[in-house]
2 protein chains.
Amino acid sequence: MRAPQKPRLRAADDAVSEFTTARLSLYLRCLEALDAAGTRTVSSTALAERLRLNAAQIRRDLAHFGELGVRGVGYDVKELRRHLRQILGVDRSVHVAIVGAGNLGRALADYAGFRREGFDIVSLFDTAREKIGQSTRGGVLVRHLRELPALAGRERIDIAVVAVPAEAAQEVVDAVVGAGIRAILNFAPGTPHVPSHVKLRNVDLALSLESLSFFLAQEKHAKAERS
Amino acid sequence: MRAPQKPRLRAADDAVSEFTTARLSLYLRCLEALDAAGTRTVSSTALAERLRLNAAQIRRDLAHFGELGVRGVGYDVKELRRHLRQILGVDRSVHVAIVGAGNLGRALADYAGFRREGFDIVSLFDTAREKIGQSTRGGVLVRHLRELPALAGRERIDIAVVAVPAEAAQEVVDAVVGAGIRAILNFAPGTPHVPSHVKLRNVDLALSLESLSFFLAQEKHAKAERS
C-alpha cells in the first residue's frame, strides 16, 4: 500500500471551512474505532455508510491533503489515522488555556473529551479574587488572568477558550491576543474582534438543539401527511 | 415574488445529516442579520459569500424543502427566514429540560444563546438531594429527576439535554425515554442506547478545538514551506 510519509498540507485558507474540519474530525473518530476493532483497510464507501455521508465527498475531502488512499483498495486505517491526526494538528499534545472560571469554564476544564482527543488543559484563568487558587473537581488550578502572558510562553499555550459573559469577552480576547495566542474558541455571545493573524471560532450550542427540533418538526409533518 | 405558504417538509430521514441542519441554522442566523439590517432580498451567491460556503450547495439545501427562491431574483429575506424557522421547528417555542445540575448543566441552563434561538429551558433535574430546590444564577429551578415524567407531559418537554457523568448517562437516557421525550442532546462521553423512535445527538466539543488546531498546523506547515 502506497502511503506518503507526510501528507501535503495546504497553507491555511478559508476554502477549508469549519464543516470540512468537522468532517475530518469525524473521519478520525471513525478510524480510531476501526483501528481499535482491528480493521486494517477501509473504503470510502464503507466510511460513508458508517458516517452516513457521501463517499465522493469523503474522497474529495481526503484528496485535498494528498494521495492518502489507493484506488480499488481503500485506505490503510492506521496510516490514514496517523495522517488525519497530523492534518488536524493533534499528532502532538495541544495546550489549551480556559479563561473564565464560572460554571462553563469549570465544566470545560474537566471535559474528558478534550484530553481524550489530545488537548491538554494547561490552566484556567479568572479575575475574581475569591476564585484564584481554587481547583476544579478535575484538579485544574484557577490562576489570575494577569499571569496569562507569562504562562502563554512558558507553557506554549496554543489555544485559548473564552468562557466569560458577553460584556467581558472583548477585553479577554484582547488580553489573549496580547499574550501571543493565535487561536481562540469563543463561547460568549457575539463576535469579538481579532487581528487578521488570529483565528477565532464561535461556538453556537443552539445549532445542536436545532438539529433536534428539525427532526421533531419533520416527524410532526410526516404524521400530519399520513393522517 | 412567488413564495409558497408552507415549505414542503420531507419525512425525517437520514439523508438530511447533522451537517445539513447545521447549514440551515447558519442560513437562518444570516437571514436574521440581513432582516435586522433591512435587506429585502438575497441571492444564493451573496449568502455564499457571507458564509464562505458554496452557492450551489446553498441552493441544493434549500431546494430540498420546496421552491423557496426565484431564479435571477433570489430569496425574499423575511419569507426565507420564516420558512427556515418552520423547517428547523423553531417557529414556536421549543421546550427543553436539562438533566444534571453540575457545572455543565447549570452553564447550559443559563446559556443565553438557547433562549435567543427559541429554546425555552423549562427545568433542570438532578438526583442529589442538596441540589434540589436550588436555582441557577439565571433562575432555573433544580427539580428531582423523579418529577420528570409528570413534568414532561405537563410542560410539553420536546428535548432533553443530558449533562451527567458518563457512568450515569444510560440510566438518565432511559428515564428520559420513559418520560416520553423523543429527542436527546447528549454531552456525556460515549453513546447511550435509545429506541429507534428517539433521536439522540452527541455533542463533541473537541471538534471545535480541532478546527483550531487544524488551522495552527496548516500555518506551521505554510511557514516551514516558505523558509
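Student: How many disulfides does the structure hold over all chains?
Tutor: A disulfide is a covalent bond between the sulfur atoms of two cysteines. Here it is counted when a pair of cysteine sulfur atoms lies within 2.5 Å. Over all chains, the number of disulfides is 0.

Student: Before we go on, what kind of model is this?
Tutor: Residues are numbered from 1 along each chain as its sequence is written, while chains are lettered from A and ligands numbered from 1 in the order in which they are written. Local features need pLDDT of at least 70 and side-chain atom pairs count only at pLDDT 80 or more, though totals for chains, interfaces and linings use all residues; side-chain values use heavy atoms, with hydrogens and water left out, and the model is predicted.

Student: Is A:Cys30 buried or exposed?
Tutor: Buried means under 20% relative accessible area, exposed means over 50%, and partly exposed is in between (1.4 Å probe, protein chains only). A:Cys30 has a relative accessible area of 7%, and B:Cys30 is buried at 7% too. So A:Cys30 is buried.

Student: How many salt bridges are there over all chains?
Tutor: The rule asks for a side-chain nitrogen of Lys or Arg within 4 Å of a carboxyl oxygen of Asp or Glu. One example is B:Asp126 with B:Lys131, whose closest N and O atoms are 3.7 Å apart. By that rule, the count over all chains is 28.

Student: A:Arg92 forms a salt bridge with A:Asp158, so how far apart in sequence are the parts that this pair ties together?
Tutor: The closest N and O atoms of A:Arg92 and A:Asp158 are 3.4 Å apart. A:Arg92 sits in the loop between helix 4 (77-87) and strand 3 (94-99) of chain A, and A:Asp158 in the loop between helix 7 (148-154) and strand 6 (159-162) of chain A. Helices (H or I, at least four residues) and strands (E, at least two) are DSSP runs numbered from the N terminus. The parts tied together are therefore 66 residues apart in sequence.

Student: How do helix 1 of chain A and helix 3 of chain A lie to each other?
Tutor: Their axes, lines fitted to C-alpha atoms over the stretch in contact, are 11 Å apart, at an angle of about 100 degrees. Angles run from 0 to 180 degrees between N-to-C directions; under 35 counts as roughly parallel, over 145 as roughly antiparallel, 65 to 115 as roughly perpendicular and the rest as oblique. The two helices are therefore roughly perpendicular.

Student: Which residue of chain B does A:Ile184 touch?
Tutor: A:Ile184 lies in strand 7 (residues 183-186) of chain A and is buried, at 0% relative accessibility. Contact means heavy atoms within 4.5 Å. Leaving out residues up to four places away in sequence, the residues touched include A:Ala160, A:Val162 and, from chain B, B:Leu212.

Student: And which residues of chain A are in contact with B:Ser25?
Tutor: B:Ser25 lies in helix 1 of chain B and is buried, with a relative accessible area of 0%. Aside from neighbours within four places in sequence, B:Ser25 is in contact with B:Leu88, and from chain A with A:Leu207 and A:Glu210.
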